Each structure stands twice: as C-alpha cells, then as structure tokens.
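Have the viewer open and follow along.

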Amino acid sequence: MPDFSNWSCPLPLRDFPNVVMGHGGGGRLSSELIENIFVPAFSNATLTQLADSSVLDRPTGRIAMSTDSFVVRPLFFPGGCIGDLAVNGTVNDLAMSGARPLYLSAGFILEEGLPLSHLAQIVDSMAKAANAAGVTIVTGDTKVVERGHGDGCYINTSGVGIVPDGLSVAPSLVRPGDKIIVSGSIGDHGMAILSLREGLTFETTIRSDCAALHTLVESALAAAASNAIRAMRDPTRGGLAATLHEIAGASDVGIEIDESSLPVRGEVRSACELLGLDPLFVANEGKMIAFVAPEHADAVLAAMRRHPLGAEAVIIGRAVEEHPRSLVAKTAIGALRVVAPPLGEQLPRIC
Amino acid sequence: MKYLDEFRDRELAERLLHEIRQTVTRPWTIMEVCGGQTHSIIRNGIHQLLPAEVEMVHGPGCPVCVTPLEVIDRALAIAATPNVIFCSFGDMLRVPGSERDLFQVKSAGGDVRVVYSPLDALQIALKNPDKQIVFFGIGFETTAPANGMAVHQAKVKNIRNFSMLVSHVLVPPAIEAVLQSPGNRVQSFLAAGHVCSVMGYWQYPEIVDKFKVPIVVTGFEPLDILEGIRRVVLQLERGEARVENAYARMVSHDGNRPAQDLLAEVFEVCDRSWRGIGCIPQSGWRLSEKYRDFDAEVRFDVGSIHSNESTLCRSGDVLRGALKPHECPAFGKECTPRHPLGATMVSSEGACAAYYNYGGIIPAESLTHA
C-alpha cells in the first residue's frame, strides 16, 4: 500500500491539502494542479505544450483505438491502485487486438475533498505504469464534482496503438478445434478488491494481478505462424466465463473447458468457497486468454511461459462445433455442466 | 487444497458411484434437504453420474427461497425508510417482492448494503450512531447463531440503533411437513450437514421412528454427497430406517451446545409461513420476549403489507419435491434469473437457479469429450 507520509506537496498546492471545486474551475487553481501534479509526473514534450489537442506522429500500420473508465473502490488496494489500473486496462485492450500501444489520454473526475496526496500517488503510479508500458500520456482533462457525488477519483483513459499490417486477431475468427490458453491464475484482482469492501472485510494475502500484457502478447504472436492466434482477450469484469461466452457468441462456436485445469490460487479458491463465488466469474486485470490453432498451441504456450507474466500459462480447453454459443465445463468428478453467462455482479450467498 | 481437493477426487467418486450402482436394485427417491447440497449436486453434475434408479429431489432448504413474500415486502418497506441502513446477505437483494426487490430500493436511493456477517452490521451501527441499522436475519439453524449473537451483543453493549428483521426457519419441522404432504414421494433424506454442525442430530430419531425413513447427515463436497447417497441407498435396499452421520468431520451427535444455549436465549419457536409452501406449525424462530426491543418488525411501523405472489410461479411444488424445476411451465420462459418470478430462481442455492445455471440444457451424450 502507498505511503502518503513521504509525499511532499510542491508549492503552492499546500494551501489546499484537498481537492476543492476551484481545481476544476479552469482558473489559477486548475493550472496549478496541472503544473504541479500532472505535468511533472507525465512529463513529455507533447503534454508540456498544454495545447487543446495533441498532434502525434504515426508509424506505419493500422490504428487500434480503445477507451475505458475506471471507478474502482477502494482507490488503493493490494497490488495496485486506480492509477496503474487505468493505464494497464487500456494498454491491455489495445494489446488484445495485436496492437503496440503508443498514446493514452487521461480524464479525471475528482471528488471535492480528495486529499491531494492521494491524487499525487495515483498520478505517480499512472506515470510509472505508462513508462513501464512504453506509452505516452499525451492529453488529459480534470473536472471536480461536489463532495458526495463521486468515489474520490474516477479516471477515463483512451488509447491509440498500431497494428502491424497483415495481422488479424479478433473474437470472431475462432474456429472449432482451437485451443484455449490462459496466461495464469484467475480471480486475483476481484478477490483482492472484495477483501477490502466494507462489511466483507476478510484477512488475506491476495494481491491484484494488475499488469500490462502487451509484451506477453508480443511473445505469443512471435511464436505462432501468421494468424495462428485467432483471438485474444483480457478477462476483466465478469471473469473468464463472461469472456469465453462473448467469444463463443462472436464466432458461433461452442467452448469446452476442464475445470480441474483452471489455475486458481489457493487463497482465491478458499475465499471464493467461503463467500460462495465462482472464480470463473471473478475479475482479472493482468491475465489474457488466447485462442490458438491447435498445431501452434504448444509453441505459443511455451513462449508465453518464458515470459514472467505467463509463467503459469496453461491450456484450459478448446472451441468445438457442438453446442454453439454455449460454455460447458467438465467438473472435478468428470461430469459436465453448462456454465451460464453471468447476469450482473455475483451475489455472495448466505451460508 | 486441504479439505477440498480430497473431497473432489475423481477416482474416489467413481469408486463410490460403482458401489451405489452395485447396491441399487430398484427406484428410490432421496431428498437432499439443503439448498447448498442441491447447488453442489447440479454444479458438479452428480445427478448425471447416478444410476437411473436413484432420483434426487430437491428440498426446501434454501433460506432465501422460503422467506415469505410478506416478510420480503416488509424488508423492502423498511429499507426504503429514510435514515435506515438496511444490511442483508447478498443473495437476498434480487429476491422479488410483490413489486420490486432490494436492488431497486437501492437504486431509488435506499441505503442497502451487503454484509457477510450480522456482526459486520453491528459495526456499521457503531459507526453510524445517527442512523437506524436493520439486519435481515433469515436462514436455517446454520445462520441463526451468528444472527443471535449479533442481537445478544447489541443488547449487552446497548447498541440501540440496531435491530433485526427475523424470519428464521427450522429443518426438522420442514422434513415432517414434506413427509406429511399429500402425494409425497420422498423415501429418505440427506440431512443438511451445516445445520447439524450447529444442532447435532439428536432431533432426528423421532422422525425416523415416526415415518420409517432413513436420514443420513451429509456434507457438501461431491464425495460427501455420494457417500450420503451410498449410505441411504444401502439402508433403503436393506429395508432399514436409521439416523446415520456421514459428515463426522464436522458434525457430532450433540452439535454445538453453547450455540444451542444462545439460540434458546435469543429466539423462541413460532409458527412460520414458508414461501410457496404455506404455514408450518412451530417451524420458525422469532426474537424472544427479552430481545423484542431489537425486533425491526416492532421498531418500524410500515403499515399493513399486501403481498401478491406470481400466479405462474410453482416454486412451492419445487420446494416440496413434487415438481422438478424444468418441469415448471414458466421455467426458462417467463421465469429466468434475469426476471425471476419466485425466489427459487434467484438464490445460488435455489433449485430453479441451479437447474438454469448448471443444468442439462445440453444432453451429456451430445458433448464431445476433451
């Protein structure tokens, strides 16, 4: 967890230790916020021009574009915070199309009263995540809403990346027979967040898996023949089950998985058992699945395992012609069950 | 993982199934009382692997499903009251009342919160002294000790802004009600392991003697359930009717005596209406006289409640074991987890939801094997 005591407030922000309405008013307070918090952290030539829009170079290839809003509560959690989540989330969405992420925008909606030390910490972790991912935050915006009208800080990030010519990866390209690889343990992020919610607090060592996956994607793509990787997704909200359902729907295939092959950490399994949740439906923020042509699956799996973020990658199942648009799991004792798509949030059961 | 993996072992499951197949010579109907067991049977596909002679009938042991509509409507009215923080177990939030559910109360501005333990609701009460905190205390004997403890603590610590809307139900009277219902087909029971870990199984010999049905205390993992079924089938085939404990790692004959003492102090037995089934005499608990001050029903005057049950929903027949969920005309049509007509379609322990989510939408033989 972050240590706010080490953050020293640059002048003149210390007059206001918390976000006030004026920080979103477009006047001097707004400028000071930008100049003292955002620009130093995201420091780059484009941003420091502070123009209304950023003009950017474009390498050859097709453009991939994605947007995502982040409203996680609490803002800080074991393994990350809303800042790195907002960067990695959009980086990953770009990467799943096979794109190399290049530029991000960052829009902040701040709640009056948010300690500036918290904002600085969030912005700092965004900057670190962007540096690590090799993306530049080229434009941004800040608005302030009255106390009680937000959970401290919401962030929207949009991203632009470049897809190499000739590469096509999409959920609609999956064919029967394709193997399904998951890059590592599922359910870590969702359970880390749940363990901190008021009324649900339980002691655990579970950490969010929040991470940028584009280099793992590069490793996987490099190991396969052209277009042998049909589809990639990062199973965030709704978990693995929701993502597999979406792919089954997009490609009109059936999907079979073997439940005993699913990588789930012991702590996550225990917490899920305790709360009556199914790890298949719990969110991830640093995992990907890949549908790979069967003859290339072993090579892609091996390449992913050589990458630190894919060390625990496994094949969990395959696409089939039968039962199109349905997800079927082989249970621990060898029976089969249909896994229905999630409706909304999973509800913890009573006992 | 300890205490889980060893009870989900495929080989051992096959061995138990083999024994059941070897033992069974004619059709038998077994009711698993507890919704948690229903969930496990369907989720693990145990019903697909059993011989055709063994029919599992799903019992009324889902607390969410049997909480009467009138109580849910009362909960909705209290939750919508200004200055109230209404705390509930998560799976009550989507249970339909006459007109809406707790989710809708929440989206309309009510302060409705999911908690895992009533003691967490007590903490919320301490942190919000200017609000009234109401906990929705439902469930069988399993959840009762924690609910009872919360009320007891509130009284001892004089936390006056806490109260509980109580609708507790009891297993033994429900088993008797099933056995006495007209057209009953149930010949034996898997008793609910978690209930018995609190209450023991000293209450069951009386039922076994009266109705001559085997009752086997059973756990929740696949091997637990298969072992319970194996023991029941063995008794049925031999023409025996005894109480057996197949969940000895959790359950003792006497159960948890300190918990039982607390329950006797905080609650008193009352007649209770079961959703879809009707009133079962002496089948519930309410707060005892001593704790009546903490009864939300007494504290909040929400006027008279007029409840309207769906005319299509046949959850009562499902809960009595007279109808399988997919045999209901509304199943998967008018009634889905998205638009549930009855509570059995809502709770993860509800038989209808279990069938919908995990059930045999696809016949097993049409599936290829990975």
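Is the crossing where α6(A) passes α9(A) left-handed or right-handed? It's right-handed, a label used if the near helix is turned clockwise from the far one by less than a right angle (left-handed if anticlockwise). This is a predicted model, where local features need pLDDT of at least 70, side-chain atom pairs count only at pLDDT 80 or more, and totals for chains, interfaces and linings use all residues. Residues are numbered from 1 along each chain as its sequence is written, while chains are lettered from A and ligands numbered from 1 in the order in which they are written.

**A helix pair in chain A**
- The axes of α6 (residues 214–223) and α9 (residues 297–306) of chain A come within 8 Å and cross at roughly 150°.
- That makes α6(A) roughly antiparallel to α9(A) (angles over 145 degrees count as that).

**A helix pair in chain B**
- Here α7 (residues 118–127) and α8 (residues 144–156) of chain B pack at about 25°, with axes 8 Å apart.
- That makes α7(B) roughly parallel to α8(B) (angles under 35 degrees).
- Residues that meet include Leu119(B) in α7(B) and Met149(B) in α8(B).

**A helix tucked away**
- 8 of the 8 residues of α16 (residues 351–358) of chain B are buried, so this helix is largely enclosed by the rest of the structure.
- Buried means 20 or more other C-beta atoms lie within 10 Å of a residue's own, with C-beta atoms placed from the backbone.
- Its cover includes β13 (336–338) of chain A, along with α2 (35–44) of chain B.

Technical notes
Axes are lines fitted to C-alpha atoms, for helices over the stretch in contact, and angles run from 0 to 180 degrees between N-to-C directions. Helices (H or I, at least four residues) and strands (E, at least two) are DSSP runs, numbered from the N terminus. Angles under 35 degrees count as roughly parallel, over 145 as roughly antiparallel, 65 to 115 as roughly perpendicular and the rest as oblique. Two residues are in contact if their C-beta atoms, placed from the backbone, lie within 7 Å. A residue is buried if 20 or more other C-beta atoms lie within 10 Å of its own, exposed if 12 or fewer, and partly exposed in between; C-beta atoms are placed from the backbone.
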